[in-house]
Amino acid sequence: MHGGCEIMNLNEVGKYRDPSMLILLSLSEHDKHGYMIMEDMRNNFHIDFSPGTLYGAITRFEKEGLIEPVAIKCRGVSYQITPSGLELLSGHIESLRKFVTIGSERLDRIGKRKELNCARFDFLY
């Protein structure tokens, strides 16, 4: 609890665990097969997806033209991000940048306001 409010673990919130942008982000580094994408998510974001969730998203992305298969090897099919996928990922990252900028500014103002309110009433203590 923090100030009477329970702190939420964002890893438990559905929209923050959606594999969509993480898959595109993973493939923006280089071509990968499904297992490598899962390892990337686990190592960099501490998120584990089931193979069904991952391959369901991969199938959807292929149909939408956001990724495409590039090689079939003994470990399975490797995928690469397409120009459309890069455009979508770039737009999403820009949206997150704006969210972080505005959110940080607002939280900074709240923090400063709390400091001002506390300073105004220091004489009571």
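Is Ser26 buried or exposed, and what is its relative accessible area? Ser26 is buried, with a relative accessible area of 1%; buried stands for under 20% relative accessible area, exposed for over 50%, and partly exposed for values in between (1.4 Å probe, protein chains only).

The model is predicted: local features need pLDDT of at least 70, side-chain atom pairs count only at pLDDT 80 or more, and totals for chains, interfaces and linings use all residues. Residues are numbered from 1 along each chain as its sequence is written, and side-chain values use heavy atoms, with hydrogens and water left out.

## Overall layout

The protein chain has four helices and three strands, where helices (H or I, at least four residues) and strands (E, at least two) are DSSP runs numbered from the N terminus. Their order along the sequence is α-β-α-α-β-β-α. Of the 125 residues in the protein chain, 22% are buried. Among contacts in the protein chain with a separation of 6 or more, 45% are between residues 24 or more positions apart; a contact means heavy atoms within 4.5 Å.

## Helix 1 and its two partners

Ser26 lies in helix 1. Leaving aside residues up to four places away in sequence, Ser26 touches Lys32, Ile37 and Asp40.

The axes of helix 1 (residues 19–29) and helix 2 (residues 34–45) come within 10 Å and cross at roughly 100°. That makes helix 1 roughly perpendicular to helix 2. On the helix 1 side the contact is made by Leu22, Ile23, Leu25, Ser26, Leu27 and Glu29, and on the helix 2 side by Ile37, Asp40, Met41 and Phe45. By class, the residues of this contact are seven nonpolar, one polar and two charged. In this scheme Ala, Val, Leu, Ile, Met, Phe, Trp, Tyr, Cys and Pro count as nonpolar, Asp, Glu, Lys and Arg as charged, and the others, Gly among them, as polar.

Helix 1 also meets helix 3: their axes come within 10 Å and cross at roughly 75°. Helix 1 and helix 3 are therefore roughly perpendicular to each other. Axes are lines fitted to C-alpha atoms, for helices over the stretch in contact, and angles run from 0 to 180 degrees between N-to-C directions. Angles under 35 degrees count as roughly parallel, over 145 as roughly antiparallel, 65 to 115 as roughly perpendicular and the rest as oblique. Pro19, Ser20, Ile23 and Leu24 in helix 1 meet Thr53, Leu54, Ala57, Arg60 and Phe61 in helix 3. This contact of helix 1 with helix 3 has six nonpolar, two polar and one charged residues.

Arg60, in helix 3, is partly exposed, with a relative accessible area of 38%. Arg60 and Ser20 are 40 residues apart in sequence, and their C-alpha atoms are 9.6 Å apart in space.

The table lists length and span, the latter taken from first C-alpha to last. The expected span is 1.5 Å times one less than the number of residues.

| Helix | Residues in helix | Span | Expected span |
|---|---|---|---|
| Helix 2 | twelve residues | 16 Å | 16 Å |
| Helix 3 | 14 residues | 20 Å | 20 Å |

In helix 2, the buried residues are Gly34, Ile37, Met38, Asp40 and Met41. Seen down the axis of helix 2, these buried residues fall within an arc of 160°, so they line one face of the helix; the arc is that of the directions from the helix axis to the C-beta atoms. Their cover includes helix 1, strand 1 (32–33), helix 3 (51–64) and strand 3 (76–81). Just after helix 2, His46 takes a positive phi of about 55°.

In helix 3, Leu54, Ala57, Ile58 and Phe61 are buried. They cover an arc of only 105° around the axis, which puts them on the same side of helix 3. An α-helix has 3.6 residues a turn, so residues three or four places apart point the same way. On the other side of helix 3, Gly52 and Lys63 are exposed. The buried residues of helix 3 pack against helix 1, helix 2, strand 2 (67–73) and strand 3.

## After helix 3

Gly65 follows helix 3 and has a positive phi, near 75°. Gly65 and Leu66 are touched by Ser84, not counting residues up to four places away in sequence. Ser84 is in helix 4 (residues 83–120) and counts as partly exposed at 42% relative accessibility. Ser84 and Leu66 are 18 residues apart along the chain, with their C-alpha atoms separated by 5.5 Å.
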